[in-house]
Amino acid sequence: MYIAFRNYTKIIRKRTVLEDITLELEQNQIYGVTGRNGSGKTMLLRAVSGLILPTKGEVRIDGRLPQECSQSIGLALKPDFWPGLTGLENLEYLAAIRKQASKEKIMQTMEQVGLDPKDTRSVKTYSRGMLQKLNIAQAIMENQTLILLDEPCDSLDDGSISRFYQLILEEKQRGATILIAYHADSAMDAMIDHQIVISDGKAHMAF
């Protein structure tokens with residue numbers, strides 16, 4: 001999906017969290033979004049997803065507002081699930097909103113991220129790494145064409161991180177456009193096609 005920021009600025013409680021951003025992102029590419037904590041990485045993902053609205057300027061996805069493209073966007077921010085349900089039950093409830101993923105697809109995606117769909121434990125017993133895997137699964141289980149991931153490797157072990165890298169490359173091969181916010185990571189640097197650097201709410205394309 002083609003994404004265009006035009007002079008995008010967001011001010012929250014008199015603080016400018018994104019400032020005059022103008023970027024053009026091509027479809028079927030992996031974009032890494034880097035910067036210090038508090039620099040605006042998560043806010044940029046929220047802007048693309050439509051979770052926040054601009055104070056001025058705009059962002060368009062294939063010429064449309066993000067809210068008009070919600071069916072095509074997969075978003076993984078801070079993991080937030082129903083604690084009393086299993087991982088599979090959580091994903092089934094989320095999938096029921098759009099009705100785009102079958103139970104078989106959900107189970108397959110859980111296995112891809114390293115979770116057992118037959119695990120009867122409730123999510124409240126999950127480790128942070130397991131919650132992160134479930135978060136990634138919900139962002140990709142519906143074959144979304146735009147995938148937004150915020151620190152997806154946080155709390156994952158080395159094996160799970162390698163699995164994640166392979167999964168993201170497969171999603172790109174499928175045709176998805178992917179934005180990943182992350183801290184300094186040479187392996188991630190090698191995987192992405194382009195890097196967006198954010199500092200104090202200002203963004204530029206590094207490569």
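User: What does buried mean here?

Analyst: The model is a predicted one. Each residue is judged by its relative accessible area, and the cut-off for buried is under 20%.

User: Which residues of strand E7 are buried on the one side and on the other?

Analyst: Six of the six residues of E7 (residues 177–182) are buried, so the strand is largely enclosed by the rest of the structure. Both of its faces are covered.

User: How many bridges join strand E3 to E7?

Analyst: E3 (residues 30–34) and E7 run parallel. Within this pair, Gly32 stands opposite Ile180. The number of bridges that join E3 to E7 is five.

User: Why do the buried residues of helix H2 line one face?

Analyst: The buried residues of H2 (residues 87–98) are Gly87, Leu88, Asn90, Leu91 and Ala95. An α-helix has 3.6 residues a turn, so residues three or four places apart point the same way. Seen down the axis of H2, the buried residues line one face because they fall within an arc of 155°.

User: Which exposed residues does the face of H2 turned away from its buried side carry?

Analyst: The buried residues of H2 have a cover that includes helix H3 (103–113) and helix H4 (128–140). The face turned away from that buried side carries exposed residues, and they are Tyr93 and Ile97.

User: Which element gives the largest share of the largest nonpolar core?

Analyst: This core has 36 residues, and Leu134, Leu149, Phe164, Ile168, Ile178, Ile180 and Met188 touch the most other members. Elements that give two or more residues to the core are H2, H3, H4, E6, H5, E7 and helix H6 (186–191). The largest share, six residues, comes from H4.

User: How many disulfides does the count come to?

Analyst: Cys69 is buried, with a relative accessible area of 1%. Cys153 is buried too, at 15%. A disulfide needs a pair of cysteine sulfur atoms within 2.5 Å. By this rule the count comes to zero.

Methods: Residues numbered from 1 in each chain as written. Predicted model: local features only at pLDDT ≥ 70, side-chain atom pairs only at ≥ 80, totals over all residues. Heavy atoms only, no water. Buried < 20%, exposed > 50% of the residue type's maximum accessible area, 1.4 Å probe, protein only. Helix = DSSP H or I, 4+ residues; strand = E, 2+ residues; numbered from the N terminus. Arc of directions from axis to C-beta. Contact = heavy atoms within 4.5 Å. Pairing = 2+ DSSP bridges. Core = buried A, V, L, I, M, F, W, Y, C linked by side-chain atoms within 4.5 Å.
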